[in-house]
Amino acid sequence: MAHWLYKSEPGTWSWDDQVKAGSTFWDGVRNAQANNNMKAMRVGERGFFYHSGDERAVVGVVEVVKTWYPDPKDDTGRYGMVDLKTVGAFPQPVALAAIKAEPALAEMVLVKNSRLSVQPVTDAEWSRVCAMGGYKP
């Protein structure tokens, strides 16, 4: 199964918001590459919930519960969304600085293209970031 990373500004949609919702849609993506990543997702695949902005850290894990479908707010019909459920918080958030300092993560999309809002994560990257945050998948 593939793994993913979803970026959100805490002031727009925070981990606390995600936890309160339990399950919700991930919408508003207007980047072709991020949209294609969402189209590739399958039910049951997990992803990191990443706070962007000032915090810049992986803070939790979510899981795809509904695959890509059109975003009703997109008048062009090109972009869509997926539904995600909350899985669990990281015992210790993993900061972007720590990820960049880890040689095993040097090729991670988050390091190479940090602006991409929805991005793939390899199995090795998934395992390493989980270990860094004390998260037991």
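Contact here means heavy atoms within 4.5 Å. The model is predicted.

By that contact criterion, S117 touches L5, Y6, K7, V29 and A34, leaving aside its neighbours within four places in sequence. S117 is placed in the loop between α4 (109-112) and β6 (118-121). Its relative accessibility is 23%, so S117 counts as partly exposed. Buried would require under 20%.

The strands were examined next. An open sheet is formed by 6 strands, in the order β2-β5-β4-β3-β1-β6. The pairing in this sheet is mixed. At its edges stand β2 (23-26) and β6. Each has a single partner strand, so one side of each is left without a neighbour in the sheet. On average, neighbouring strands are turned by 40 degrees against each other, direction ignored. Strand β1 (residues 3-8) pairs with β6 in the antiparallel sense, over 4 bridges. Within this pairing, Y6 has V118 of β6 as its bridge partner. Y6 is also among the contacts of S117.

Helix α2 (residues 32-39) packs on the sheet. There α2 touches β1, β2, β4 (57-70), β5 and β6. The direction of α2 makes about 55 degrees with that of β6. Helix α5 lies across β1, β3, β4, β5 and β6. Relative to β5, α5 runs at about 45 degrees.

Aromatic side chains were then considered. Rings count as a pair if their centres lie within 6.5 Å. By this rule, the count comes to 6 aromatic pairs. In one of them, the ring centres of F48 and W126 are 4.2 Å apart. The planes of F48 and W126 stand at 15 degrees, so the pair is stacked; the cut-off for stacking is under 30 degrees. This pair links distant parts of the chain. F48 belongs to strand β3 (residues 46-51), W126 to helix α5 (residues 123-133), and 78 residues separate them. Both F48 and W126 are buried.

A further pair joins F90 and Y135. Their ring centres lie 5.3 Å apart and their planes are at 5 degrees, so this pair is stacked. Distant parts of the chain are again linked, with F90 in strand β5 (residues 80-95) and Y135 in the segment after α5. The separation of F90 and Y135 is 45 residues. F90 and Y135 are both buried.

One aromatic cluster is formed by Y6, W15, W26 and F49.

The charged end of K39 sits over the ring of W68, at 5.0 Å from its centre. K66 lies over the face of Y69, with a distance of 4.0 Å from the ring centre.

A further loop position was examined. E102 is found in the loop between α3 (96-101) and α4. Its relative accessible area is 19%, so E102 is buried. The limit for this class is under 20%. Not counting residues up to four places away in sequence, E102 touches R128 and M132.

Definitions and conventions. Residues are numbered from 1 along each chain as its sequence is written. This is a predicted model: local features need pLDDT of at least 70, side-chain atom pairs count only at pLDDT 80 or more; totals for chains, interfaces and linings use all residues. Side-chain values use heavy atoms; hydrogens and water are left out. Rings of Phe, Tyr and Trp (its six-membered ring) pair if their centres lie within 6.5 Å; planes under 30 degrees apart count as stacked, over 60 as edge-to-face and the rest as tilted. Helices (H or I, at least four residues) and strands (E, at least two) are DSSP runs, numbered from the N terminus. Buried means under 20% relative accessible area, exposed over 50%, partly exposed in between (1.4 Å probe, protein chains only). A charge sits over a ring if NZ of Lys or CZ of Arg is within 6 Å of the ring centre and within 35 degrees of the ring normal. Two strands pair if DSSP finds at least two bridges between them. Axes are lines fitted to C-alpha atoms, for helices over the stretch in contact, and angles run from 0 to 180 degrees between N-to-C directions.
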